[in-house]
Amino acid sequence: MERELVFVGHPREVFARTQVMTYSYMSIAESEYSNSILIDNADNSNFDEFELDEQSKKATAHALKAIVFSAMCIEAAINDYAGTHLGDKYFETHLCNLDVVSKWVVIPKLVCGKEINKSSAAFGALKQLIRSRNQLVHSKSRELNSTNPKLMEQIEAANIKFESDFNNSLKAVYLLAMEMDNVIGIYNPIRIMDRASPWFDELAEPAKALFDECKKIVTKNNS
């Protein structure tokens, strides 16, 4: 059963902004996450080696976009929130150059006196998402040493890390949005994550299980 929406006083109750990309980025992240999951779960028992490789490349491409657009959603949301309630000039002068994680700590505190729990699953997922996004957008290649006895272990470790970063991508968005439902309520910078809300958007099918998983985590942490 969904709880009542939280209301926390904010400097502005009514506002309009242009070039708001949070919802678009979130929609793309959900779509790319779902597409990657669908490919991974598809029956490929009749595929030859070439077809398997092509499917793997497609899944990886979707996963990369899920990570990047999830991080873009997170950053756009907190930037919009700051500009809305603190003013664009104040944000550009004093807060714009903070790293994304620090913005999520500092800005809600400045706006309404509320702060994200830094021991929460949402905060941990946020930090992992930003690290993985930074590694992708500042990608560096490395020399391949075929005589290295630990080469296969290193490749496997890299694959496991990428899989973890992908699984965390949209999860970080959902967890953070749900956490902000509890912290600041209806002024959630990302999106209201309460199904009872008239502003709740229906989810893509593969993302529904992730949504329910995140809901259980946040509910348990805040019970």
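Trainee: Which helix supplies the largest share of the lining of the largest pocket?

Mentor: Keep in mind that this is a predicted model, in which local features need pLDDT of at least 70, side-chain atom pairs count only at pLDDT 80 or more, and totals for chains, interfaces and linings use all residues. Residues are numbered from 1 along each chain as its sequence is written, and side-chain values use heavy atoms, leaving out hydrogens and water. The largest share, eight residues, comes from H6.

Trainee: Which residues lie closest to the centre of the largest pocket?

Mentor: About 730 Å³ of space lies in the largest pocket. A pocket is an open set of points on a 1 Å grid over the protein atoms alone, where a 1.4 Å probe fits, with protein on both sides within 12 Å along at least five of seven lines, and lining residues have an atom within 4 Å of a point; its volume is the space filled by probe spheres set on the points. Of the 19 residues lining the largest pocket, the closest to its centre are Gln135, Ser139, Lys140, Arg142 and Ala158.

Trainee: And which helix gives the most to the lining of the second largest pocket?

Mentor: The second largest pocket holds about 460 Å³ of space, and among its 19 lining residues, Phe15, Tyr23, Tyr187, Asn188 and Pro189 lie nearest its centre. Helix H1 (22–41) and H2 each supply at least two lining residues. With five residues, the most comes from H2.

Trainee: How many residues apart are tyrosine 174 and phenylalanine 211, which form an aromatic pair?

Mentor: The structure holds four aromatic pairs (ring centres within 6.5 Å; planes under 30 degrees apart are stacked, over 60 edge-to-face, the rest tilted). Tyrosine 174 and phenylalanine 211 are edge-to-face, 5.9 Å centre to centre with 75 degrees between the planes, and both residues are buried. This pair links distant parts of the chain, from helix H6 to helix H7 (residues 205–221), with a separation of 37 residues.

Trainee: Isoleucine 74 next: how far is its C-alpha atom from that of alanine 172?

Mentor: Isoleucine 74 is found in helix H2 and counts as buried because its relative accessibility is 1%. Leaving out residues up to four places away in sequence, isoleucine 74 touches Val100, Trp104, Leu126, Leu129, Val173, Leu176 and Ile190 (heavy atoms within 4.5 Å). Alanine 172 is 98 residues away along the chain, yet the C-alpha separation is 8.7 Å.

Trainee: One last thing: is glutamine 19 buried or exposed?

Mentor: Glutamine 19 lies in the segment before H1, and its phi is positive, about 60 degrees, although this residue is not a glycine. Because its relative accessible area is 69%, glutamine 19 is exposed.

Definitions and conventions: Helix = DSSP H or I, 4+ residues; strand = E, 2+ residues; numbered from the N terminus. Phe/Tyr/Trp six-rings, centres within 6.5 Å; stacked < 30°, edge-to-face > 60°. Buried < 20%, exposed > 50% of the residue type's maximum accessible area, 1.4 Å probe, protein only.
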